[in-house]
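Open the model in your viewer and keep the sequence beside it.

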Amino acid sequence: IQSKLPGVSTTIFSVMSKLAAEYNAINLSQGFPDYPSDPKLTELVNKAMKDGFNQYAPMPGNVFLKEAIAEKVENCYNVKYNPDTEITVTAGGTQAIFTALASIINPGDEVIIFEPAYDCYAPTIKLFGGLVKTYQLAPPDYGIDWDMVKKLFTSSTRMIILNSPQNPTGSILSESDMKSLIKLISGTDILIISDEVYEHLIYDEQKHKSVMLYPELRERSFIVASFGKLLHATGWKLGYCLAPEQLTKEFRKVHQFNVFSVNSPMQQAIAEYIKNPDNYTGITNFFETKRNYFRGLLADTRFELLPCKGSYFQCASYAKISDEKDVDFSIRLIKEFGVATIPVSAFYQKANDHKIIRFCFAKEHATLALAADKLRNV
Ligand code: PMP
Ligand code: GLN
């Protein structure tokens with residue numbers, strides 16, 4: 001059959017996690033914690049099931065959860081979103097991104113992304129006939145020159161996808177980035193998807209600059225969040241999309257025929273859990289400690305660490321270790337040294353030879369220490 005996505009094969013995350021299992025390697029590749037989520041949360045799911053939350057949730061999401069999300073957003077950012085008209089609960093961040101693109105992109109529309117980019121953006125844009133316009137971020141800082149972004153604008157530019165803190169680079173958007181972006185899009189009707197799934201994973205006392213903090217951006221943005229990251233439960237595949245009423249209307253037209261609604265007992269449990277801010281405010285310190293610990297461990301290896309200002313990913317160059325391409329090097333790391341990572345070229349549409357790999361540090365300290373023991377031999 002004629003493929004709609006001829007350039008696409010199985011995602012690097014599936015490939016590397018499978019290889020890690022096959023070779024019994026320590027899996028620092030796919031981004032997920034290796035420690036349990038809070039038992040209180042699992043008890044709340046049991047309770048929700050016993051209380052009868054076992055049939056379809058309302059299409060846009062459990063009413064209590066949408067209210068709890070609105071409260072959390074107001075607590076964190078002092079911005080109000082209307083639970084009825086501006087918040088939709090989704091099957092993870094991925095479905096929110098997919099649905100936002102599906103609801104806006106027509107054939108020929110151009111979407112600007114920043115590479116390296118999370119792997120679902122480009123294929124989803126293409127699925128709806130959109131054209132991907134790419135801005136290349138350069139290591140080690142992966143900063144943005146907004147005048148160069150402007151050069152990508154044409155009369156067909158329909159959307160920009162932002163991701164801060166960024167996967168895989170751990171870079172973040174600053175106040176000055178946001179101001180430049182506001183200038184750039186003023187007078188255009190360009191919309192934004194702001195992938196903020198790592199909103200709380202931001203370090204060194206930096207504050208996350210959500211697009212919702214800027215009215216000129218908020219009014220044109222779909223903001224994507226993930227409970228997988230917030231609750232250390234990536235397998236639950238729950239998240240949400242915040243967007244102004246007009247955008248939410250379009251979003252829900254697609255959402256209702258894509259999934260209709262998502263997991264009911266878990267929505268009820270999350271609603272009760274996040275009502276108490278103590279259940280999530282520690283997450284920043286929790287991951288900052290892991291980042292510092294892991295960077296300390298890698299300091300004794302031949303890997304050269306790139307900055308990590310946010311996310312639970314640490315990138316490193318192996319240029320001083322090997323001449324291999326990153327995919328070959330990552331496979332050899334699994335087979336010969338027992339550590340699985342992600343080759344960063346997987347986050348680009350065109351292969352490159354930057355010799356950078358990504359480690360996930362959302363792991364027990366013991367796992368990170370064990371991995372470092374192995375990486376010292378490389
Ligand atoms: N965006 C980014 C940048 C991610 O790293 C991820 C994955 N973990 C997602 C979106 C998808 O989140 P979810 O697992 O909630 O679908
Ligand atoms: N977001 C996770 C990562 O970057 C992976 C999610 C997935 O496997 N699709 O590792």
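Two strands count as paired if DSSP finds at least two bridges between them. Keep that cut-off in mind for the first stop. This is a predicted model.

**Stop 1: a strand pair.** Select β13, residues 356-360. Now pick P343 and look across: I357 in β13 stands opposite.

**Stop 2: the whole sheet.** Bring in β9 and β10. The sheet has four strands, is open, and reads β9-β10-β13-β12. Its pairing is antiparallel. Which strands stand at the edges? They are β9 (304-305) and β12 (342-343). Each has a single partner strand, so one side of each lacks a neighbour in the sheet.

**Stop 3: the helix across it.** Select α12, residues 283-298. This helix lies across β9 and β10 (313-317). Its angle to β10 is about 20 degrees.

**Stop 4: ligand 1.** Show the residues around ligand 1; there are 14. The closest are G92, G93, T94, N167 and S226. Which helix gives the most to this shell? Helix α4 (residues 92-104) does, with three residues. By type, the shell holds ten polar, two nonpolar and two charged residues.

**Stop 5: ligand 2.** Select T11, F13, Q30, G31 and N167, the residues around ligand 2. Four are polar, one is nonpolar and none is charged.

Technical notes
Residues numbered from 1 in each chain as written. Chains lettered and ligands numbered in written order. Predicted model: local features only at pLDDT ≥ 70, side-chain atom pairs only at ≥ 80, totals over all residues. Helix = DSSP H or I, 4+ residues; strand = E, 2+ residues; numbered from the N terminus. Contact = placed C-beta atoms within 7 Å. Axes fitted to C-alpha atoms, helices over the stretch in contact; angles between N-to-C directions. Near = placed C-beta within 6 Å. Nonpolar A, V, L, I, M, F, W, Y, C, P; charged D, E, K, R; others polar.
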